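Here is a set of questions and answers on one protein chain. Keep the structure in view while reading.

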Amino acid sequence: MCLKSSKPPFPDTQTLTMRSASHHNRRKSKKQIHIRVLNLTRRRRLLREANKEMEMRNLKLLVENQSIIQKNEALKKKALLLHQENNALFALLHPTLSPVSTSFLLRSS
């Protein structure tokens with residue numbers, strides 16, 4: 001039985017893992033913290049500006065959509081009136097045809 005071991009009883013504090021762990025736990029300097037705060041502040045400001053731009057773009061598109069919907073409704077009303085006028089004129093030109101036959105003629109053309 002060997003009393004002397006080739007390994008020391010405590011791990012070496014200068015190994016790579018111990019150095020990286022101690023380096024990781026080291027406190028950051030005030031300059032590094034200040035730079036990080038500036039970067040975060042800048043990022044937040046840019047995000048706020050991007051959000052404002054998106055909101056403005058969204059509002060413009062909303063107004064444009066409402067305008068298109070109103071124009072579409074007006075065109076539908078005009079189309080309905082023109083269709084009714086067309087049916088009335090067709091009935092004046094062909095008084096002997098029944099309404100059923102006029103709907104058949106409209107579908108076939």
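**Questions on a predicted chain**

Q: Is Leu62 buried, partly exposed or exposed?
A: The model is predicted, and Leu62 has a relative accessible area of 43% in it. Buried means under 20% and exposed means over 50%. Because 43% falls in between, Leu62 is partly exposed.

Q: In which helix is the place of Leu62?
A: The helix in question covers residues 30-93. Leu62 has its place there, in helix H2.

Q: Which residues make the nonpolar surface patch of about 290 Å²?
A: A residue needs over 30% relative accessible area to join a patch. Leu62, at 43%, passes that cut-off. The patch is made by Met56, Leu59 and Leu62.

Q: Which residues form the positive surface patch?
A: Lys and Arg count as positive. The patch is formed by residues of these kinds, namely Lys28, Arg36, Arg43, Arg44, Arg48 and Lys52.

Q: Is Arg36 buried or exposed?
A: Arg36 lies in helix H2. The relative accessible area of Arg36 is 52%. The cut-off for exposed is over 50%, so Arg36 is exposed.

Q: Which residue forms a salt bridge with Glu49?
A: Side chains of opposite charge can pair when their charged atoms come close. The structure holds 1 salt bridge. In the bridge of Glu49, the closest N and O atoms are 3.6 Å apart, and the partner is Arg45.

Q: What separates Glu49 and Arg45 along helix H2?
A: The two residues, Glu49 and Arg45, are 4 residues apart in helix H2. Their separation is therefore about one helical turn.

Q: Are Glu49 and Arg45 buried or partly exposed?
A: Glu49 has 37% relative accessibility, and Arg45 has 38%. Buried would mean under 20%. Glu49 therefore counts as partly exposed, and Arg45 also counts as partly exposed.

Q: How many helices and strands are in the chain?
A: From the N terminus on, the elements run α-α-α. The count is 3 helices and 0 strands.

Q: What share of the residues of the chain count as buried?
A: The chain has 109 residues. Its accessible surface comes to about 11,300 Å², of which 62% belongs to carbon and sulfur atoms. The share of residues that count as buried is 1%.

Q: Which element has the lowest mean pLDDT?
A: The chain averages a pLDDT of 80, and 65% of the residues score at least 70. Among the elements, H2 has the highest mean, 94. The lowest, 54, belongs to helix H3.

Conventions
Residues are numbered from 1 along each chain as its sequence is written. Side-chain values use heavy atoms; hydrogens and water are left out. Patches are made of residues with over 30% relative accessible area and no salt bridge: like charges are joined within 9 Å, nonpolar side chains (Val, Leu, Ile, Met, Phe, Trp, Tyr) within 5 Å. Accessible areas come from the Shrake-Rupley method with a 1.4 Å probe; for residues, only the protein chains shown count as cover. A salt bridge is a side-chain nitrogen of Lys or Arg within 4 Å of a carboxyl oxygen of Asp or Glu. Buried means under 20% relative accessible area, exposed over 50%, partly exposed in between (1.4 Å probe, protein chains only). The place of a charge is taken as NZ of Lys, CZ of Arg, CG of Asp or CD of Glu. pLDDT is the predictor's confidence in each residue, from 0 to 100.
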